[in-house]
Amino acid sequence: MTAYLNNADTWQESWDRQQEGFLPDREHRFDAMLTAVAAVTDGAAPKVLDLAGGTGSISLRALARFPGARVTVLDQDPVLLTIAAASLDGRGDVVDADLGDPGWRAKLPYEEFDAVLTATALHWLPADRIGALYAEVRDVLRPGGIFVNADHMPDEGLTGFSARLRDHARAKRNARYQTGAATSWPEWWARAAADEQLAPKVVERQRIYPGGHAQEWNPPAAWHLDALRAAGFGESGVLWRGGTDAAVIGVN
Ligand SMILES: C[S@@+](CC[C@H](N)C(=O)[O-])C[C@H]1O[C@@H](n2cnc3c(N)ncnc32)[C@H](O)[C@@H]1O
């Protein structure tokens, strides 16, 4: 994985801003995740797996908060992994693996992690795969280690109101795109495709995500809690909630 990219910081920053267009409280969920990591490690050099970590936003925040943290970003997007490798600049591992295949575990640099963290990603996987993945995550966690998944997870009691919250957020977001206050997902990818270094990676990406994006499946938080229990996590619950998104935690 090439670790050199012109303007890596600018790409990282622009990814974060683009994601915040969807998730205005993105930093809040990251903060809740890292507080959970501190609670199980006292912040002493935690080993953190940033699952479907994209450009490594969570890993970079873990490094800033816990000097000595050992971070691993795993993803299958060649564009985002290029940005992750350049941003980490040797301060962590970058793993190219497909979470659709249980073999992803064999590519990790450590046998056990203190924490596996993932955000806004597993809704790209089908239901039966998420359940199996939760059990696979336990395999790479030390006893007492934690798994946190932050994603679109409406409250099961708010079916109708969650739709209204989503409509409201979409209208606000579209207004920001129209005024140029935020960069949309297609705009961001068009910029990457126009960049001399990233363009070949965008071509590779099109083979992995021919539709530009995988499917979306967003069950309520209660579904994830059941899946965590079924996977054998000793404790599971909601760590954080923001509107129609939540972060669920499983304690191994
Ligand atoms: C919206 S991005 C979020 C990235 C990062 N977690 C963040 O919060 O910035 C979703 C990520 O999930 C990754 N992803 C989706 N399906 C995957 C799979 N089967 N294997 C590995 N990564 C996957 C995508 O490549 C993408 O980087």
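Modeller: A residue is called buried if 20 or more other C-beta atoms lie within 10 Å of its own, exposed if 12 or fewer do, and partly exposed in between, with C-beta atoms placed from the backbone. This is a predicted model, in which local features need pLDDT of at least 70 and side-chain atom pairs count only at pLDDT 80 or more, while totals for chains, interfaces and linings use all residues. Residues are numbered from 1 along each chain as its sequence is written.

Biologist: Is Ile58 buried or exposed?

Modeller: Ile58 is buried, because 27 other C-beta atoms lie within 10 Å. Ile58 sits in helix 3, where a helix is a DSSP run of H or I of at least four residues, numbered from the N terminus.

Biologist: Which residues is Ile58 in contact with, leaving aside its neighbours within four places in sequence?

Modeller: Two residues are in contact if their C-beta atoms, placed from the backbone, lie within 7 Å. For Ile58 these partners are Phe30, Met33, Asp50, Gly53, Leu117 and Ala119. From C-alpha to C-alpha, Ile58 and Phe30 are 6.7 Å apart in space, although 28 residues apart in sequence.

Biologist: At what angle do the axes of helix 2 and helix 3 cross?

Modeller: Two packed helices are described by the angle between their axes and the distance between the axes. Axes are lines fitted to C-alpha atoms, for helices over the stretch in contact, and angles run from 0 to 180 degrees between N-to-C directions. Here the axes of helix 2 (residues 26–41) and helix 3 (residues 57–65) cross at roughly 50° and come within 11 Å. That makes helix 2 oblique to helix 3, since angles under 35 degrees count as roughly parallel, over 145 as roughly antiparallel, 65 to 115 as roughly perpendicular and the rest as oblique.

Conventions: Helices (H or I, at least four residues) and strands (E, at least two) are DSSP runs, numbered from the N terminus.
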